[in-house]
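Hi,

Here is the structure I promised to pass on to you. Please open it next to this message, and my notes on it follow below.

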Amino acid sequence: DPNYALAEAGLGRSYWAEYENKKDNQWVGMARHACERAATLDESSAAGHTCLGQVYDGTGQYKRAVEEFQRATEISPTSDDAFRGLANAYDHLGQSLEAEQTYQKAIALRPSYWANYLRLGSFYFLHGQYEKAASMYRRVTELAPDNRWAYTNLGAVYYSEGKLPKAGEMFHRALEIAPDSAAYSNLGVVYFFTGRYEDSARMFKEATTRDPKDYRYWGNLADAYRWSPDKK
């Protein structure tokens, strides 16, 4: 069906995901074209406007992004994607209060959905409001106890506050849930700054094994070896 708006919107978002993964500009035009076609094919569908808002926001056209996301929320007043996109665009425009209120509205519409708390927590974290951020992330751990991002982000809050033992506990829990390179690296950083250089090296070594193309893990591993007694 060449006139299926939802399929065009899905295609547009998939193209945009390819751009975000590969940073290849060829996907931007393809995403914009598919999203514009989706919005044109069915003006009454929120999907096309949400898709287009995502592309506008990602290319620095924040006012246009706000317009598209607002249209999407009018069409679909319970759309999590539309409200989160709108909040993000507001934040990029420097309208922090509007962004916070939009995230809060998304939470009020679906108070049992963990993702909106996670996004609001990240908003608070980026604005240096660590106590509020931690509150949101803890709420995520209550709603979704096996969500690795909640523990990872909570660990980042504690780390930023200088609470390294508590940060280590959170990073360790995230590692138990999803033992990937980032989880090993996060724990390695905590071990490094608490003087546990050999443990730190072990974590960074595991990170390089799982993701050998990330230069940061190799640099951190070298730092850990530098301070270990016999691995200079």
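First, a convention for helix pairs: a crossing is called left-handed if the near helix is turned anticlockwise from the far one by less than a right angle, and right-handed if clockwise. Please keep in mind that this is a predicted model, in which local features need pLDDT of at least 70 and side-chain atom pairs count only at pLDDT 80 or more, while totals for chains, interfaces and linings use all residues. Residues are numbered from 1 along each chain as its sequence is written, and side-chain values use heavy atoms, with hydrogens and water left out.

The overall picture

The chain holds 13 helices and 0 strands (helices are DSSP runs of H or I with at least four residues, strands are runs of E with at least two, and numbering starts at the N terminus). Its C-alpha trace spans about 65 × 35 × 30 Å along the principal axes. Of the 232 residues, 44% count as buried (buried is under 20% relative accessible area, exposed is over 50%, and partly exposed lies in between, with a 1.4 Å probe and protein chains only). If we take contacts between residues at least 6 apart in sequence, 44% of them join residues at least 24 apart (a contact means heavy atoms within 4.5 Å).

Helices 6 and 7

Helix 6 (residues 96-109) passes helix 7 in a left-handed crossing. The two pack at an angle of about 160 degrees, and their axes are 9 Å apart (axes are lines fitted to C-alpha atoms, for helices over the stretch in contact, and angles run from 0 to 180 degrees between N-to-C directions). Helix 6 is therefore roughly antiparallel to helix 7 (under 35 degrees is roughly parallel, over 145 roughly antiparallel, 65 to 115 roughly perpendicular, and the rest oblique). On the helix 6 side the contact includes Tyr103 and Ile107, and on the helix 7 side it includes Arg119, Leu120 and Phe123. Sorted by class, this contact has 8 nonpolar, 3 polar and 2 charged residues (Ala, Val, Leu, Ile, Met, Phe, Trp, Tyr, Cys and Pro count as nonpolar, Asp, Glu, Lys and Arg as charged, and the others, Gly among them, as polar).

Helices 4 and 5

Helix 4 (residues 62-75) and helix 5 (residues 80-92) pack at about 155 degrees with axes 9 Å apart, so helix 4 runs roughly antiparallel to helix 5. Their crossing is left-handed. Among the residues in contact are Val66 and Phe69 of helix 4, together with Phe83 and Leu86 of helix 5. The classes here are 10 nonpolar, 4 polar and no charged residues.

In the loop between these two helices sits Ser79, which is buried at 14% relative accessibility. A polar atom of the Ser79 side chain lies 3.2 Å from the backbone nitrogen of Ala82.

Lys23 is in the loop between helix 1 (5-22) and helix 2 (26-41). Lys23 is not a glycine, yet its phi is positive, at about 55 degrees. With 57% relative accessibility, Lys23 is exposed.

Asp214 lies in the loop between helix 12 (197-210) and helix 13 (215-227), and is buried at 11% relative accessible area. Between Asp214 and Ser181 there are 9.4 Å from C-alpha to C-alpha, with the two 33 residues apart in sequence.

Best wishes

Notes:
A polar contact is a pair of N or O atoms within 3.5 Å; within protein, one must be able to donate a hydrogen and the other to accept it, and residues adjacent in sequence count only if both atoms are side-chain atoms.
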